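Please inspect the structure before reading the solutions.

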Amino acid sequence: MFVIIAPRVKVFISDAQLSFVREHQHDSFKASQLSPEQAETAKVLADKAILVRKKLDNDVQYALNRRVRFLQNGDKK
């Protein structure tokens, strides 16, 4: 599925990444609360600008970027 992060800028996310975003879209979460696989997924989504990351003293906090929009029929490349 494609996600629009800015005008004329789309990034592709997999189904596993989409389910992770849907699971954590309503509130912020810390990296210490996640399993190692989920922490890696959160890091990849932050690199793609789907999640925003805030570095704390001894942890990292993630939240969904408010400006992203999900395309309904964005499966085609």
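**Exercise 1.** Locate A49 in this predicted model, and determine whether A49 is buried, partly exposed or exposed.

Solution. Begin with the position: A49 sits in the loop between α2 (36-47) and β4. Next, consider the backbone, where the phi of A49 is near 70°, a positive value in a residue other than glycine. Most residues other than glycine have a negative phi. Finally, turn to the accessibility: the relative value for A49 is 28%, so A49 counts as partly exposed, since this class lies between the cut-offs of 20% and 50%.

**Exercise 2.** Carry out the analysis for R8: in which loop does R8 lie, and is R8 buried or exposed?

Solution. R8 belongs to the loop between β1 and β2, and its phi, near 65°, is likewise positive in a residue other than glycine. Because its relative accessibility is 87%, R8 counts as exposed, the cut-off for that class being over 50%.

**Exercise 3.** Identify which residues stand opposite Y62 of β5.

Solution. From β3 (residues 29-30), which is joined to β5 (residues 60-64) by two antiparallel bridges, F29 has Y62 as its bridge partner. From β4 (residues 51-55), which pairs antiparallel with β5 over five bridges, R53 stands opposite Y62; β4 and β5 form a hairpin with four residues between them.

How values were computed:
Residues numbered from 1 in each chain as written. Predicted model: local features only at pLDDT ≥ 70, side-chain atom pairs only at ≥ 80, totals over all residues. Heavy atoms only, no water. Pairing = 2+ DSSP bridges. Buried < 20%, exposed > 50% of the residue type's maximum accessible area, 1.4 Å probe, protein only.
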